[in-house]
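Here is a briefing on one protein model. Look over the sequence and the fold first, then read the points below.

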Amino acid sequence: MPRGAPPPPTAAAAAQRTAPAQRPAQLRAHRTWPSSAAGSGSAAGPASPPRPGIVWYHRAMMKLLPVAPLLLLLLTTLEARPKPAALKCRTGPLDIVFVIDSSRSVRPFEFETMRRFMIDIIGSLDVGPNATRVGVIQYSSQVQNIFSLKTFFTRADMEKAINSIVPLAQGTMTGLAIQYAMNVAFTTQEGARPLHKKIPRIAIIVTDGRPQDRVTEVATQARNAGIEIYAVGIQRADMNSLRAMASPPLEEHVFLVESFELIQQFGKQFQDKLCGVDVCMEQEHGCQHSCISTPGSFYCECNPGYRLNVDGKTCSPIDACADGRHGCQHQCVSTRGSYLCQCRAGYYLSQNKRSCSMIDYCSFGNHSCQHECVSIPNGHYCRCRSGFTLQPDSRSCKATDLCNGVDHGCEFKCVSTEGSYRCVCPEGQQLQADGRACSKCGAGHIDLVMVIDGSKSVRPQNFELVKQFVNRIVDLLEVSPHGTRVGLVQYSSRVRTEFPLNKYHSADEIKKAVMEVEYMEKGTMTGLALKHMVEHSFSELEGARPLSHNIPRIGLVFTDGRSQDDISEWARRAKESGIIMFAVGVGKAVEEELRAIASEPVEQHFSYSADFTTMTHLVENFKLNICPEEGKGKTEIRSPCECEALVQFQTNTVAILQSLTEKIAQMTARLEDLEKQIANKK
């Protein structure tokens, strides 16, 4: 032996070093627990004579005797030094179901060792709703659920339930138990986490005999369903059945314990199978947000508000606005896992955090308007009271022609006087006691449906003028259930019946309903409105009298611009169905379309006004043309009541129009200047 080499190991020392390496073999399928193969005694045989190395060893020890106290102090110091902490073993989240054989072959005291086995295993687990969940079922000729994965989340509750188990003491239907575990115990309804969360599903089958039913096929189905099966056989268990049930690799999932007395000792070794190193801490996992350890593996999770990408590691923000269910009136802005609503400029978010309301800029008190301040998105503008005109500074007001500046209420014509005004009636009519109305035409009964344009080009303030125009026409009529009936339809990009012919039976009711009509905005689908009028508004269902009653049906269409759809087809159908059509245009209304809508003679059935504020004369024009003879059911051109002064009336009308045209030109110039000033402020 070379000088300085250590002495050769003894047989006993060799056996001691070999034994730990053999212990994992005791858990493999082809070995039993405990194994008799590993030894810890000394080698057999006669003692050998001393060898030269032994002599050298003795002499070396004699030389070390003088320094023995120093070596003893050194060894004591080394022993007192703190040892490095062992790697902490912890369980990741698991779904574990114990499948326990309680057939008649398991004697009572043997069943008690099985209880202890389960309790010891559970004692090593980190149990809880977000950690490991545990369920227990027992079986013999039938299957009994002791508690499911969602029943208990504390060890104390689980231990109490396990100690309360009463064995079934019948046959050994192991296949039936595996079927129950797959179809019931490991379902989300019974507390198992969804498969996409990658929480391992583990079934621990403990049995002492041969199954009385088939297990191979059902065990394969369970494994294919994602259940990892450990098969623990005790004493009389059939090894082939255990191998047929267990998951691969079999050497890690099949165990055979020689007796019930050893199962508790085996349980301490089995805990190592369920207790894994925190892989997330021991290796590069690559998870962008969070790493979750599982036995022997890991998976990545994302923070709230993010979803895991297909690579299983990186995360992307969740767009909570994309599904369209946010309910935001204006804009939806995604945040981490949620969203918030925002409003466009000029609006603020309401208390419900979804709808938006326009900011009242006038309420700030710095508008400097002499009369009235009107808020609009992103600003405001000044408006004068009736009888006043806004000046070039866009703030101050000056008194003007009262007939054009106030709601004078004159049925026919307003004549300005110094500081006041008066109403006059057309030739052949008398001014009534109220100083505004004229004697009404003794018109026959009619069914009148007015179709008004509610598109965005009309604008809210002008739409109020349109409603006043409608009510002035109503004032001309003798409304009653058996007299004249009135219906109202509004249209833009769609059509809405505001009220049908049979809704109201007096002029006051109709006028009130008209003033409550809400402005629609959006497009100008005149053709669609005509179709609605023909198919619905003049139906008997909505109050039109039958054609056999010979009651004239009159349709009045009011518009301020070009239609966005074709009107010719339904204008023709309306007239062919016997409806007398009147067309009233304002502003940018297209004369060609008005003529296409109007009945013959066209000149007497269409009217035009350059501005909403000068529509008074249109009311009288309409009145002149809807004065039918009593009982004939057709429309004639006649003057109010007697219809004898049509020529004179037209002459007066032309003069009024010329005067109004001059005033319109002046007002248009002022409005253009006002619009420029508002645009500059924005």
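This is a predicted model: local features need pLDDT of at least 70, side-chain atom pairs count only at pLDDT 80 or more; totals for chains, interfaces and linings use all residues.

Residues are numbered from 1 along each chain as its sequence is written, and side-chain values use heavy atoms, with hydrogens and water left out.

**Whole protein**

- The protein has 19 helices and 28 strands. Helices (H or I, at least four residues) and strands (E, at least two) are DSSP runs, numbered from the N terminus.
- Of the 682 residues, 43% are buried. Buried means under 20% relative accessible area, exposed means over 50%, and partly exposed lies in between (1.4 Å probe, protein chains only).
- Among contacts with a separation of 6 or more, 62% are between residues 24 or more positions apart. A contact means heavy atoms within 4.5 Å.
- The exposed surface comes to about 36,800 Å², and carbon and sulfur atoms supply 52% of it. Accessible areas come from the Shrake-Rupley method with a 1.4 Å probe; for residues, only the protein chains shown count as cover.

- Six strands form an open sheet in the order 25-24-23-26-27-28, and the pairing is mixed. Two strands pair if DSSP finds at least two bridges between them.
- Strand 25 (495-499) and strand 28 (606-609) are the edge strands, each pairing on one side only.
- Neighbouring strands of this sheet are turned by 20° against each other on average, direction ignored. Axes here are lines fitted to C-alpha atoms, for helices over the stretch in contact, and angles run from 0 to 180 degrees between N-to-C directions.
- Strand 23 (residues 447-453) and strand 24 (residues 485-491) run parallel, joined by seven bridges.
- D453 stands opposite Y491 in strand 24.
- Strands of a sheet pair through backbone hydrogen bonds, either parallel or antiparallel.

**Disulfides**

- The whole structure holds 10 disulfides. A disulfide is counted when a pair of cysteine sulfur atoms lies within 2.5 Å.
- C280 and C291 are joined by a disulfide, S to S 1.8 Å. The torsion about their S-S bond is about -75°, so this disulfide is left-handed. C280 lies in helix 11 (residues 279-282) and C291 in strand 9 (residues 290-294), so the pair ties together parts 11 residues apart in sequence. Both C280 and C291 are buried.
- C343 and C356 form a disulfide with sulfur atoms 2.0 Å apart. The torsion about the S-S bond of C343 and C356 is about -90°, so this disulfide is left-handed. C343 lies in the loop between strand 14 (338-342) and strand 15 (347-349) and C356 in strand 16 (residues 356-358), so the pair ties together parts 13 residues apart in sequence. C356 is buried, at a relative accessible area of 10%.
- C369 is joined to C382 by a disulfide, S to S 1.8 Å. The torsion about the S-S bond of C369 and C382 is about -75°, so this disulfide is left-handed. C369 lies in the loop between strand 16 and strand 17 (372-376) and C382 in strand 18 (residues 379-383), so the pair ties together parts 13 residues apart in sequence. Both C369 and C382 are buried.

**Helix 16**

- W570, A571 and A574 are buried in helix 16 (residues 568-576). Seen down the axis of helix 16, its buried residues fall within an arc of 105°, so they line one face of the helix. The arc is that of the directions from the helix axis to the C-beta atoms.
- The cover over these buried residues of helix 16 includes helix 15 (526-537), strand 27 (579-586) and helix 17 (591-597).
- G578 follows helix 16 and has a positive phi, near 95°.

**Backbone details**

- P248 to P249 is a cis peptide bond, with omega near -5°. P249 is in the loop between helix 8 (239-245) and helix 9 (250-253).
- E600 and P601 are also joined by a cis peptide bond, with omega about -10°. P601 sits in the loop between helix 17 and strand 28.
- K353 is not a glycine, but its phi is positive, near 65°. K353 is in the loop between strand 15 and strand 16. At 55% relative accessibility, K353 counts as exposed.
- S368 is not a glycine either, and its phi is positive at about 65°. S368 is in the loop between strand 16 and strand 17. S368 counts as exposed, at 52% relative accessibility.
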